[in-house]
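Please open the structure in the viewer and keep the sequence beside it.

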Amino acid sequence: MSNSNQPPAWFITGCSTGLGRALAAAVLDHGHRAAVTARSPEQVADLVDAHPGRAVALPLDVTDRDQVAQAVAAAESAFGRIDVLVNNAGYGYLAALEEGEDDEVRALFETNVHGLVDVTKAVLPGMRARRSGHIVNISSLGGLAAFGATGYYHATKFAVEGLSESLAAEVGPLGIKVTIVEPGAFRTNWSGPSMRQSTIRIDDYADTAGARRASTLATYGRQPGDPGRAAAAIITVVESPEPPLRLLLGKAAYDVATGRLTTLRAGFDTWRELTLSADYPAS
């Protein structure tokens with residue numbers, strides 16, 4: 001991972017709460033170094049204070065390109081390199097497709113997709129120069145399977161999945177690894193204080209998107225996933241000599257994802273003959 005005599009240096013976005021905070025704490029407790037970023041760095045000051053010399057707190061709004069460049073430069077100045085980038089910053093949005101508010105949807109994509117891209121582009125030159133590094137993009141089970149009321153969120157995570165697959169093909173020959181992390185429901189603020197939702201309610205969707213809005217919010221505080229255990233799993237993958245492209249986290253993620261594979265295969269097989277008929281006849 002790192003060819004220097006210093007412990008690996010991580011750059012983690014969205015560390016104020018949830019998985020990002022749990023991962024930052026675990027990385028530092030593990031003896032590694034970390035640039036711990038948040039919109040309000042005072043929210044992560046305790047992590048830095050507890051690990052003097054191995055942590056820096058940096059202000060970072062991933063939708064602010066100037067701030068992205070400044071934060072990456074500050075981390076590289078502090079540690080001499082960034083060995084592991086974790087694109088964790090992001091949030092959810094509840095709305096039926098027709099209920100989506102344009103400004104809110106665009107803001108969601110700015111954070112969940114464009115912010116991830118901008119941070120990655122800022123970190124890649126250093127990794128390319130060293131021919132080493134690991135980029136960990138936090139996606140979601142919702143990047144593999146979609147449900148009512150979270151279509152816009154799914155769209156951002158499906159985008160992360162595709163971008164990450166292409167990125168892996170591009171940077172793999174340069175010695176840079178990519179892992180997509182796909183958590184299920186974890187006990188974070190995602191379905192609570194961090195969740196945004198449309199103010200528009202259309203009665204025709206009450207039994208579909210409306211019901212899922214309610215059930216999603218009702219999971220807050222009772223999610224089965226443990227952020228600390230998820231953080232430990234991510235560290236294990238980063239330290240692996242052959243890390244996976246995808247890492248599912250949690251039983252629900254595994255069950256839903258594998259069920260999705262079965263459903264996709266069944267649909268493909270059902271329509272196989274019609275699918276093949278679209279090609280020019282064999283000569």
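**The whole chain**

Display the entire chain as a cartoon, bearing in mind that this is a predicted model. The secondary structure comes to 9 helices and 9 strands. The radius of gyration of the chain is 20 Å, close to the 19 Å that the globule rule gives for 283 residues, so the chain is as compact as a globular protein of that length. Along the principal axes, the C-alpha atoms fill a box of roughly 60 × 55 × 35 Å. Of the 283 residues, 43% count as buried. Consider next the contacts between residues at least 6 apart in sequence: 69% of these join residues at least 24 apart.

**The sheet**

Colour the strands next. In what order do the strands of the open sheet lie? The sheet has 7 strands, and the order is E3-E2-E1-E4-E6-E7-E9, with parallel pairing. Strands of a sheet pair through backbone hydrogen bonds.

Select strand E3 (55-59) and strand E9 (246-249) to find the edges of the sheet. Each has a single partner strand, so one side of each is left without a neighbour in the sheet. Looking across the sheet, one finds a twist that averages 20° from one strand to the next.

**Strand E4 and its two neighbours**

Select strand E4 (residues 84-87) together with strand E1 (residues 9-12); these two run parallel and are joined by 3 bridges. On the other pairing of E4, with E6, 4 bridges are present, again in the parallel sense.

Now show the side chains of E4. Which residues point one way from the strand, and which the other way? Val 84 and Val 86 point one way, while Leu 85 and Asn 87 point the other way. All four of these residues are buried.

**A helix on the sheet**

**Two loops with positive phi**

Move to the loop between helix H4 (102-130) and E6, where Arg 131 is located. The phi of Arg 131 is near 55°, a positive value in a residue other than glycine.

Then select Ala 149, in the loop between E6 and H5. Ala 149 also is not a glycine, and it has a positive phi of about 80°. Is Ala 149 buried or exposed? Its relative accessibility is 4%; because buried means under 20%, Ala 149 counts as buried.

**Residues in the helices**

Select Thr 216, which lies in helix H6 (residues 206-218). Thr 216 is buried, with a relative accessible area of 7%. Which residues does Thr 216 touch, not counting those up to four places away in sequence? They are Leu 94, Trp 190, Ser 191 and Met 195.

For a contrast in accessibility, go to Ser 77 in helix H3 (residues 65-79). At 64% relative accessibility, Ser 77 counts as exposed. Draw a distance from Ser 77 to Ala 122: the two are 45 residues apart in sequence and 14 Å apart in space, C-alpha to C-alpha.

Continue to Ala 107, which is found in helix H4. Ala 107 is partly exposed, with a relative accessible area of 27%.

**Aromatic rings**

Finally, display the aromatic side chains; the structure holds 2 aromatic pairs. Select Tyr 91 and Arg 196 to see a further arrangement involving a ring. Arg 196 lies over the face of Tyr 91, at 4.2 Å from the ring centre.

Notes: Residues numbered from 1 in each chain as written. Predicted model: local features only at pLDDT ≥ 70, side-chain atom pairs only at ≥ 80, totals over all residues. Heavy atoms only, no water. Pairing = 2+ DSSP bridges. Axes fitted to C-alpha atoms, helices over the stretch in contact; angles between N-to-C directions. Phe/Tyr/Trp six-rings, centres within 6.5 Å; stacked < 30°, edge-to-face > 60°. Lys NZ or Arg CZ within 6 Å of the ring centre and 35° of its normal. Buried < 20%, exposed > 50% of the residue type's maximum accessible area, 1.4 Å probe, protein only. Rg over C-alpha atoms; globule rule 2.2 N^0.38 Å. Contact = heavy atoms within 4.5 Å.
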